[in-house]
Amino acid sequence: MENVNATCWIRVRNTLGEGPCWDAELKRFYWVDIEGHTLWWYDEKEDELSSADMGQQIGFAVPKVTDGVIVGLKDGIYEWDESSKQLDKLVELDDADGVLRFNDGKADPYGRIFAGTLHLEDEENEATLYRLDRDGTTEEMLTGLTLSNGLTWSPDHKWFYHIDTPTETVRRYPYDLSSGTFGEGEVVVEFKDEDGFPDGMTSDEEGHLWIAHFAGGRVSRWNPETGEKVLEVMVPAPNVTSCCFIGDDLKQLAITTAREGLDDEALETYPDAGSVFKIDTEVKGMPLYRFGR
């Protein structure tokens with residue numbers, strides 16, 4: 001099995017960096033700091049780093065087909081306008097007790113958003129994966145989850161992959177792109193013997209999965225057909241949270257990390273924890289899909 005080392009790309013001190021995505025049209029890299037309540041973006045054309053305070057925890061960001069970005073905040077899914085800095089709530093999270101928040105979210109090739117929740121006190125079976133359609137309606141796709149995470153699609157869009165982090169497995173579901181529905185799931189990656197826990201995930205054009213190891217200091221690449229791990233990317237930060245492919249040819253992998261949970265000694269050992277790292281890859285990644293059409 002091959003091993004490569006990631007290098008620091010964007011040096012920031014995110015408490016819980018997450019949710020990376022690459023907008024090829026704008027040449028812009030987005031990610032979030034969940035506990036910092038911040039949407040970040042790096043504009044490659046302008047070589048400029050920017051951020052905006054969302055006022056509450058932010059789990060994900062997905063660019064729209066038109067101007068604007070969809071963000072998953074603690075209490076719902078919003079449209080954020082960069083010019084006016086205004087937030088417009090599209091979906092209210094059904095959470096009277098305030099114990100849930102939105103976590104990972106991405107758009108499918110048809111322009112729908114799939115977004116999951118987690119329970120803030122780690123209660124089992126309380127989280128849900130939702131689908132937000134282009135007309136603004138929502139539907140529950142998976143229930144009885146604990147920490148919805150790591151979603152991606154196969155290159156032919158026939159499979160949807162999902163991680164419920166505490167199960168330490170990756171499951172795949174047959175996916176119907178026309179309806180945005182999927183069938184019975186099956187485990188394709190067993191993570192129990194790995195360092196850390198499976199967190200964010202993306203896929204490449206060969207259909208392999210790239211999985212971030214929270215508390216494991218790496219990203220690993222897997223063949224879901226065989227369940228075999230074929231590559232490890234070592235990251236000089238223990239809490240690796242997610243990854244996505246970036247660049248004109250989608251042959252670089254950007255990797256988000258967190259400082260949360262690290263004591264002073266660990267932060268001294270890993271001073272770039274909370275930064276964004278990257279590597280060059282030999283395989284091309286899957287592109288970003290936008291919300292709406």
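In this predicted model, the side chains of E232 and K229 meet in a salt bridge, with a nitrogen-to-oxygen distance of 2.7 Å. E232 is buried, its relative accessible area being 7%, and salt bridges that share partners join E232 and K229 with E194, D195 and R218 into one network.

**Salt bridges**

- A search through the whole structure finds 22 salt bridges, and one of them joins the side chains of D95 and K74, where nitrogen and oxygen are 4.0 Å apart.
- Because D95 belongs to the loop between strand 10 (87-92) and strand 11 (100-107), while K74 belongs to the loop between strand 8 (69-73) and strand 9 (76-80), this pair ties together parts that are 21 residues apart in sequence.
- D95 has a relative accessibility of 17%, and it counts as buried because the cut-off for that word is under 20%.
- The side chains of D108 and R112 also meet in a salt bridge, with 2.6 Å from nitrogen to oxygen, and both D108 and R112 are buried.

**Nonpolar cores**

- The largest nonpolar core comprises 32 residues, and within this core F29, W210, V233 and I255 are the residues with the most contacts.
- At least two residues of this core come from each of strand 4 (28-33), strand 5 (38-43), strand 21 (209-214), strand 23 (228-234), strand 24 (239-246), strand 25 (252-258), helix 1 (264-269) and strand 26 (276-280).
- Of these contributors, strand 24 gives the most to the core, namely 5 residues.
- If residues up to four places away in sequence are not counted, I255 touches A6, V219, V233, V235, V240, S242, C243, S275, V276 and F277.
- Apart from this core lies another, which has 17 residues, including Y30, I58, A61 and Y78.
- As a general background, nonpolar side chains tend to be buried together in soluble globular proteins.

- An open sheet is formed by 4 strands in the order 2-26-25-24, and their pairing is antiparallel.
- Strand 2 (7-10) and strand 24 are the edge strands of this sheet, since each of them pairs on one side only.
- From one strand to the next, the twist of the sheet averages 35 degrees.
- Strand 25 and strand 26 run antiparallel and are joined by 5 bridges, and among the residues involved, L253 has I279 in strand 26 as its bridge partner.

- How many of the residues of strand 22 (residues 218-223) are buried? The count is 6 of the 6, so strand 22 is largely enclosed by the rest of the structure.
- Both faces of strand 22 are covered, with R218, S220 and W222 buried on one side and V219, R221 and N223 buried on the other.
- Strand 21 pairs with strand 22 in the antiparallel sense over 5 bridges, and in this pairing I211 stands opposite S220 of strand 22.
- The hairpin of strand 21 and strand 22 has 3 residues between the strands, and in this hairpin A215 takes a positive phi near 70 degrees.
- Strand 22 also pairs with strand 23 in the antiparallel sense, here over 6 bridges, and the bridge partner of W222 in strand 23 is K229; the side chain of K229 is also the one that meets E232 in a salt bridge.
- The hairpin of strand 22 and strand 23 has 4 residues between the strands, and in this hairpin G227 takes a positive phi near 75 degrees.

**Cysteines**

- A search of the whole structure finds 0 disulfides, and C243 is accordingly in no disulfide, the nearest cysteine sulfur being that of C244, which is 7.5 Å away.
- C243, one of the residues that I255 touches, counts as buried at 1% relative accessibility.

How values were computed. Residues numbered from 1 in each chain as written. Predicted model: local features only at pLDDT ≥ 70, side-chain atom pairs only at ≥ 80, totals over all residues. Heavy atoms only, no water. Buried < 20%, exposed > 50% of the residue type's maximum accessible area, 1.4 Å probe, protein only. Core = buried A, V, L, I, M, F, W, Y, C linked by side-chain atoms within 4.5 Å. Contact = heavy atoms within 4.5 Å. Pairing = 2+ DSSP bridges. Axes fitted to C-alpha atoms, helices over the stretch in contact; angles between N-to-C directions. Disulfide = S-S within 2.5 Å.
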